[in-house]
Amino acid sequence: MTAYTASELLCVMAARRLEDGMTVFAGVGLPLLSVVLAKRTHAPRLTMVVEGGVIGCEVVPGRLPISTNEMRLAHRATMLPGITDLFLFAQRGYIDVAFMGGAQIDQHGNVNTSVIGASHGSSADDPARAARGNYDHPRVRLPGTGGANDIASLCSELVIVTMHEKRRFVPRVDFVTSPGFLDGGDARRQAGLCFGTVSQVITNLGLFGFDDVSRAMRLDALHPNVTIDDVREQTGFEVLVAEQVAVTEPPTETELAILRSLDADRRFLG
Amino acid sequence: MIKPGDFVEARRRLAAKPRGHRDKLMDAAEAVRLVQDGDLIAVGGCCFSRPPMLLIREILRQGRKDLTIARNLMAQEMELFLVAGAVRTLVASWMGPGLPWGLSRPLRHYVESGEVRFEEWSHLAIGLRFRAAAMGMPFLPTQSMLGSDLMGVGSAQTMTCPYTGETLCLVPALFPDVAILHVHRADRYGNCQIDGYPHMDADIASAATTVLVTAEEIVDEDLIKRQPDRTVIPDLAVDAVIHAPFGAFPGECYGLYETDFSHLDAYAAAQDEKGLDAVREYLDRYVYGPPTHQAYLDLFGPEALARQQRAARELVGGDPL
């Protein structure tokens, strides 16, 4: 069996999640590599869209873009509709699936890419003020949503792809940048979101779904040589476990060779 | 500053300014005198794509302060605004130096201390705020942002749709005092054409009271008239036109030159070593130092510029890769 890194494992698992003919919203970095890998293996008729305002992107190996709006991504695309109109295609319902990562992910699939913690200014007896204090005086100011909130709100399906670390998998995110199931149950629909769902979380430890009723995260499959205890150790909340936990097929030589040719400098694969 | 959504005041401002067909060609220094302390400035392009760097440098050189800056994705150019002490509020969906370089140090420094407020909206929300303004309307509805904590950051509202009963998020029109944009070609009256990514520039131009445009090339009005379908910003909306080859550099201008990633690598490495002092040194060398745009380009040298032009031509110039 060929050795592979955690990033390569994530890319392969995400790529396998895509079906031929889908329209996929890809971010730069690992998600982009996953989509290109899928396109070059089992899903040649995938349409890739990118938030800079590109439909039908193609990527040149070795010249991967680092932002979502470079000419590297527009090369041989089919349309450059502009950012606002690209997201309006998502709102209309044309985007089937999207990949996303995040600094914090919680048990209901909410994602935080905005702020971590409060340095001062929060008030324990006034939750509304405390929330504002968190936001305006954060311990760590992260880059922010970009298109992540729109993607989570508007695409038919969201797949979260991320490294599995205890500090990342928290019971409740400090700030809901991108909505998963919010407080669980039917909270997402109650908030007014008519479309979209978090269908899966793919990590370097396994594949996770969400309970149909509580919308709490559930372990569905483990990657080779990973145990349920490894998952529990690296998760900051009580993760549900499916009755039958599957084991995934490891990345193949072909999959790894394609990934490595795309990012020969290993700028994204690490 | 026009209050979010105040379409009546925004229209009054347009009525109060000269809008006739006239020669608007001028230099950047003259154009930037139209920018006031405390203005809300919308910056065109997106991330490294078509940032209006000449106008940004000139605003900093002229020492404008207490600015509110709106841009969908902010990158290195906004680190310069922050460290120069020019900005009070950022209205954006994202800010970072670029994926390979992690979090923005200046963003963390100024926002975590509370000196600067980051008013975060989703990417589409920023786009719809400009579009609502471009439409001369107070707001637009969307299915984005609902249920998220972004609803509590800015002035988004919810309403019950009168037709379906569904809950909608409303985002208020964003009317900038000034828009600064970089385009591929313009005539001296301000008719602008853009190649490649349109980003939000056309909406931003219609949304703003005052519009300053730098162009890679100043073309004869006749060329515009021969391809009017390519014009995305009409002269009606434009107040100043500045000739600026490489006006987005070190960012990219679609088809003409690629982002100088090696320059940004060096900038990031300097910050790793010296923190914000590296940005102060960068401001001295690249912003306050060079007296002209040409002097700025000379800091990079013709070889570096030619290299970035070749890279662009390889990608979108039709040469097979």
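1. Strand E13 (residues 217-222) of chain A is joined to E14(A) by 4 bridges, and the two strands run parallel. Within this pair, A:Leu219 has A:Val241 of E14(A) as its bridge partner. Helices (H or I, at least four residues) and strands (E, at least two) are DSSP runs numbered from the N terminus, and two strands are taken to pair if DSSP finds at least two bridges between them.

2. This is a predicted model, in which local features need pLDDT of at least 70 and side-chain atom pairs count only at pLDDT 80 or more, whereas totals for chains, interfaces and linings use all residues. Residues are numbered from 1 along each chain as its sequence is written, while chains are lettered from A and ligands numbered from 1 in the order in which they are written.

3. E13(A) and E14(A) belong to an open sheet of 9 strands in chain A, with mixed pairing and the order E3-E2-E1-E4-E9-E11-E12-E13-E14. Its edges are strand E3 (54-55) and strand E14 (240-247), each of which pairs on one side only.

4. Inside that sheet, strand E4 (residues 97-100) of chain A is covered on both faces, with A:Val97 and A:Phe99 buried on one side and A:Ala98 and A:Met100 buried on the other. A residue is called buried here if 20 or more other C-beta atoms, placed from the backbone, lie within 10 Å of its own, exposed if 12 or fewer do, and partly exposed in between. In a regular strand the side chains alternate between the two faces of the sheet. E4(A) runs parallel to strand E1 (residues 23-25) of chain A, to which 2 bridges join it, and A:Val24 stands opposite A:Val97. E4(A) is likewise parallel to strand E9 (residues 157-162) of chain A, with 4 bridges, and here A:Met100 stands opposite A:Ile160.

5. A:Ala148, in helix H6 of chain A, is buried, with 28 other C-beta atoms within 10 Å. Not counting residues up to four places away in sequence, A:Ala148 touches A:Met100, A:Val111, A:Thr113, A:Thr177 and A:Ser178, where contact means that the C-beta atoms, placed from the backbone, lie within 7 Å. The C-alpha atom of A:Ala148 is separated by 15 Å from that of A:Phe89, which is 59 residues away along the chain.

6. The contact between the chains takes 52 residues from chain A and 59 residues from chain B. On the side of chain A that touches chain B, helix H3 (71-74), helix H4 (83-92), helix H5 (127-136), strand E8 (138-141) and helix H6 (148-154) each supply at least two residues. The residues of this side divide into 23 nonpolar, 21 polar and 8 charged, with Ala, Val, Leu, Ile, Met, Phe, Trp, Tyr, Cys and Pro counted as nonpolar, Asp, Glu, Lys and Arg as charged, and the others, Gly among them, as polar.

7. Beyond its neighbours within four places in sequence, B:Leu90 is in contact with B:Ile69, B:Met74, B:Met78, B:Met95, B:Val116, B:Phe118 and B:Glu119.

8. B:Met78 is also one of the buried residues of H4(B); in this helix (residues 76-83), 8 of its 8 residues are buried. Just after H4(B), B:Gly85 takes a positive phi of about 75°.

9. Strand E10 (residues 178-186) of chain B is largely enclosed by the rest of the structure, because 7 of its 9 residues are buried. E10(B) pairs in the parallel sense with strand E12 (residues 210-218) of chain B over 8 bridges, and there B:Leu181 has B:Val213 as its bridge partner. With strand E11 (residues 192-193) of chain B the pairing is antiparallel over 2 bridges; E10(B) and E11(B) form a hairpin with 5 residues between them, and B:Gly190 in the turn has a positive phi of about 110°.

10. Chain B has 12 helices and 14 strands, and 53% of its 321 residues count as buried. Of the contacts in chain B with a separation of 6 or more, 74% are accounted for by residues 24 or more positions apart.

Methods
Two residues are in contact if their C-beta atoms, placed from the backbone, lie within 7 Å.
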